[in-house]
Structures are given as structure tokens and as C-alpha cells.
Amino acid sequence: MSKIKLNISRCKGCGYCVAECPRKALSFSGHISDKGYDTVQVDESLCIACGSCYRVCPDSVFEILE
Amino acid sequence: MKLKAPESVFSSASFCPGCGHGLASRLIGEVAEELGIQHSLVTVVDVACCSFNIDYWKFDTIMAAHGRDIPTAVGVKHVRPGSSVLAYMGDGAAYSIGMAETIHAALRNDNICVIVINNSVFGMTGGQMAPTTLPGEKTATSPKGKDPTRYGTLSGVELLKHMDIAYLARGELVGSAGMIKAKKLIKSAFQHQLKGDGFSLVELLSPCPTNLNLPPVKARDFVHNEMTKYFPTGVFIDKGGVE
Amino acid sequence: MAKELMKGNEALAEAAIRAGCRFYSGYPITPQTEILEYLSWRMDEVGGTFVQTESELAGVNMLLGAAAAGARALTSSAGPGFSLKQEGISYLVAADLPAVIIDVMRIGTGLGDIAQGQGDYWQLTRGGGHGDYHTIVLAPASVQENCDMMQVAFQLAEKYRHPVLVASDAAIGQMMEGVELPPMTEHDIDSYDWAVRGCLPGDSPRKIQNTYYTRPDYVEYLREKYASMEANEQRWESYMTEDADVVLVAYGISSRISREAVDMARAQGLKLGLIRPITLWPFPVKAFDACPKAKAFMTVEINILGQMVDDVKLAVSSRCPVGFHGSFFSLPEPEEIIEQAKSLMEKEGI
């Protein structure tokens, strides 16, 4: 079961989550969204569902599922 | 721990990447739901960037004239004392054009919550110098850096410290720890209003990457490393001790 | 009902209470301060809210909040203070909010000139704040009308969801006359669904918004609103206009002196008449249809420039000359009005 869900259409690529993630599970994907932003991606194998990304995201991209 | 954006917040689509407003709006939604006041809350938002929240919050909301959020909110609170009332504005509204309104609502100890987003500049108009701009900080109207011999740097919180109000605190919308703390401050402010204690003001230091001309993470670091030197975080008044 | 002797400003305040107004926020300025003083204790008696604010700006914006929350809300000022109210009046218009704002007019553009005057006609009728708008402006001419018009002011404000201005002046504000007070009415703050109160689950949140760009239908909506006001809300009183050669046009305190001038002139065989606009906006252009013999019109005002002259010229479509009798730092005298009317007739060959 997934630990984390990303509503990627909201992502503006600010990078707060990438800087904040204690396990380096988040990174820029290089995929440019419809709005022109380099959006983030998650490596679930590294994610510990700590919620840091949820807390620092200004655009409510993240949902922590467990 | 399950974490999901609050139902009371639609989105934050119009804010620039890394803008602190999206963070503050979400925290307000989370606090409203945790306190169970989301269906009675009335919010008053200032013009410019603050006013985007009128479309993002599922709260009854009034858009106020620049710097007049506080009297507008006080008018609502008198008529609807059963509603929690929030005035949400920037530092220009609270400490420049609306300074008199801020001080006098505190003097009357009006029973409302005020949240001030302090990003050290006038945001929507393009990053001009504000009373909160740091000495030497370059802005659109201080291109060589703010000259401290001509323009001082104002801490609104410092001015309010000695007033007889319910709650006064400053947090920063930076990092996971900063966000957890900021949420606690917002919650305490609303708890004071629910108890009828009077005026609460929470200032939130907030990154404005666009107008600081910095990538978001660097703007965030500016808030944490530079702004806090002039605007220390903490709880300064907590009447009767909600916290 | 027995009459009571009341000061004009106090009558405005008491009439507001009786019209269901339970919120007042304002700032002292002569010659309207009795309204504040009266409401500072009277609001307590009726369970309403009185706030003496730090400025006119705070007063009018607090009024906006109270109006948005559904209260019948009032603020008042005079001359220079009323200029500051204009910020909030523009936003009340933009946000479709009903409220009543009183201007007890004084004279001139200066500070400290607290004498009776009609110096604010332009800033009252022209949309004195930013943007393009109009507001209904009611002009009482007696203490009794001060009482009667507050009820009307709140009714019109709610009918159109629009601020309504009351143009009193220092003379009417300060004079005492016998009045019959209207009965007490109550107002339910939940009367209108648009008033903010908290958004229940399943409801759409209420947005009291003062921007137009989010509402593409706004241009048509506003044009229709103003057209409806112009069609339906013109109020005036005509006195001996049917056979008048020269019709005076005057409102407020000037209209009472002008009426005396009409009587005096008629005793001398000079056929004067009088149109008294009761709404300054919409200007009562319909009143000018009932002056079949008029060869000239003349406004009587307490100001320097004859601020109402343009409105009269528009109303008569240049078919007759329009003169002006102005007084400054004094009330107009009937004899002076008659002399001025005579010289207008002479000049125009009437």
C-alpha cells in the first residue's frame, strides 16, 4: 500500500519538499507540467511517511496515507 | 500519521511558486477544522495577494480595503459575536497604511484574530520597500538597499508587546518545525477568541521568492537566517495561558 | 402622537434607532458630533453597538463589516471627514452593500469652517470616491424630515443593496424643532442570505467582494441598477411652479428660505416658484416638466460656485437660462434672493 499520494497538477516546483525531505526521497522529475513547472517525484522505497513534505508544501500537493 | 489538506481550502493556484500565503491559508484551514469553527468562521482578507484566499477558502469571506481589514472584521464580530472572525493581511496593511487600525483595535482589545504575513516587501505591487524591509535590503524602491538613516525597520510585534491584549506571537513559515510551531500559534489565537479574551495577533514571517528575486529555497533561507534577526519568533503575550 | 422638541442631529440618531439600526461607528467632527454623542448611550439602551473609531476611515470600514454581516449600519461625518468616508463608500458600492452615511454639511474647502453650508453637493452626488458610481442622496429640510428620511434611507439601501447618503447641514443639524418620532422597528440580521455568518456544510461560501473583474455581468448589472434608481427614486416638492416666471431650485435649509422668498415676491406681484429636490441624486428632472411658464431658473445654495447649477441646466435642456444665488458664511436672505431673481429677469429680458 502506498504511503504517499501526490496531486502533481498542483506542483509549482518550489523545491521546499526536496530540501526538507530527511530521506532524500523527493527530487525534481525533469518533467515540465502544463503550467511550465519542473515538478517533483517521490521514491517510495525511501519514504518514511514523516509528513515533512506535506507540512512545507504551499500548494497541498501531498497526502500522507498512513 | 495521516495528513491531508483540509476540506476548507480549495487550492492555492494563483500564488507564485514558494509563496508563504499558500502555507498560511492551509494552516488556517487545518486549525479551523481542528477547533470545529469552520462553519461559523468569517474571514476578512486584504487586497492584493491576500485576497486570492477569497477563492481558496470555503469560509464566508469579505474582501476589505487595503489596511482596513481589522475594522471590517471588528464590525462583523460586533454583529455576529457567535462567529469566529479572522483578519488576514500583509505587513504593509498591518504596519503601514493600517497602523492606526492595528494599534486601536489592540487598544480596544477587540475580540478578533489578526494574522499578518510579513514578507518584508509590498508583494502584489512588485516588491517595493515596506516598513518591515531590512536595513540594506534591495527592493524596487530601494534599489541601492534600504538606507537605515532615512527609513527605519519596524517591528509591529514590538509595538504591541506592552498592550493589554489576549495573545501576541510571531512564527516563521519555514521548514517542518516552523510550520508545526506556526500552526500552534494560530490555534492559540483562535482559542483566545473562543474564550472571549480579546485581541490576538500572530505575525508569520513568510517567503516571497518573486519579489526577493531569489529561488524559493533561498527566499526561505532569507526568512530564517536574516528576517529573524530583526523579527525574533516566539510567544510574547498569552493572557491566562492558552498554551 | 405628541410632538417632542429635538435637535436635528439627535433626531437623525433617534430615527436611525427606530429604523432598526443597531450599529454605529464614527469619529467626532463638528457639526455632526451630536449624532455620536446621542448614539453612545442610546445604542446601549437598545442592545446595539456603538464604536468611536480612531478615524473616519476606520469608521466607514467597520460599518462595511457590520453591513456585510447583515446589520442596519450607520456612520456620519461632515465636510472634511466625509471626504475620508469616500474610500469606504466606493467599496460599499463595489461590494453591493447597504448602509447609510450622513453628511452634516459645512462650508468651503478649509479646516475649521464649521458654519452651515452646502459645500458637499458635488462630492455627494458625483460619486465622490474612486471609480464610477452614484449613490442615492436624500436631503432633509427639517428636523421632522430628518426623522422620516432615516427609515426611507435604510429601505432604499436594502432595496438596491447600495449605500444611501443623507445630506443634512449644520443649520438643520443644530436647530431644534417639534417632531413626531416614527415607531420602533426591529431588523433581523438574517433577513438577507448574502450576509456573512459562517458557511454550513453543502452551502457555497458567501463572498463579499469588491473587485469587478471576477464578474463579467457587472457592467450590465450596475447600469440597470442606476437606471432603475433614476426611473423610480426621484423625489421632490414643487411650490407654486405652475404659473411661475422664475423657478427657484433649492434643497435643505436653503429651500426653506427660498419658500419664504416665493411668498414675499408673490406679495409684490413677482411670480416666483420653487422646486425642492429631496433626492439630490437621482436629480428630480421630472419636476421640471411641471413649470410650463418658467422663463428662467435660479438655484439658491450656500456655496461659492453654484454646485447644483449644472444639474438644473441638464434638467431644462438649455431651454431657459439658469442663474445662481450663493451665500457664504451666512444663510441666504429672502430679500437678496428676490433681488437676484429680479436682476436675472432683467438680464434675460423677462
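**Note on the predicted model**

1. In chain C, 80% of the contacts with a separation of 6 or more are between residues 24 or more positions apart; two residues are in contact if their C-beta atoms, placed from the backbone, lie within 7 Å. Of the 350 residues of chain C, 53% count as buried, a residue being buried if 20 or more other C-beta atoms lie within 10 Å of its own, exposed if 12 or fewer, and partly exposed in between.

2. This is a predicted model, in which local features need pLDDT of at least 70 and side-chain atom pairs count only at pLDDT 80 or more, while totals for chains, interfaces and linings use all residues. Residues are numbered from 1 along each chain as its sequence is written, and chains are lettered from A and ligands numbered from 1 in the order in which they are written.

3. Chain C contains eleven helices and 15 strands; helices (H or I, at least four residues) and strands (E, at least two) are DSSP runs, numbered from the N terminus. The radius of gyration of chain C, 21 Å, is close to the 20 Å that the globule rule gives for 350 residues, so chain C is as compact as a globular protein of that length. That radius is taken over C-alpha atoms, and the rule is 2.2 Å times the number of residues to the power 0.38. The C-alpha trace of chain C spans about 75 × 45 × 40 Å along its principal axes.

4. An open sheet of seven strands, with mixed pairing, has the order 3-2-4-5-7-6-13 in chain C; two strands pair if DSSP finds at least two bridges between them. Strand 3 (49-52) and strand 13 (279-281) of chain C each have a single partner strand, so one side of each is left without a neighbour in the sheet. From one strand to the next, the twist averages 20 degrees.

5. Within this sheet, strand 6 (residues 136-138) and strand 7 (residues 163-169) of chain C are parallel and joined over three bridges. C:Val137 stands opposite C:Leu165 in strand 7 of chain C. Helix 6 (residues 143-160) of chain C lies across strand 5 (99-105), strand 6 and strand 7 of chain C, and runs at about 160 degrees to strand 7 of chain C. Axes are lines fitted to C-alpha atoms, for helices over the stretch in contact, and angles run from 0 to 180 degrees between N-to-C directions.

6. Which chains share the most contacts? Of the two pairs of chains in contact, these are chains B and C. The interface brings 29 residues of chain B into contact with 35 residues of chain C. On the side of chain B that touches chain C, helix 3 of chain B gives the largest share, eight residues. Strand 2 of chain B and strand 9 (residues 207-208) of chain C run parallel and are joined by two bridges, with B:Thr61 opposite C:Lys207. Chain A and chain C do not touch, and their nearest C-alpha atoms are 21 Å apart.

7. The domain assignment divides chain C into domain 1 (4-232) and domain 2 (237-348); such bounds come from an automatic or database domain assignment. The C-alpha centres of domain 1 and domain 2 of chain C lie 29 Å apart. Their contact takes 23 residues from domain 1 of chain C and 21 residues from domain 2 of chain C.
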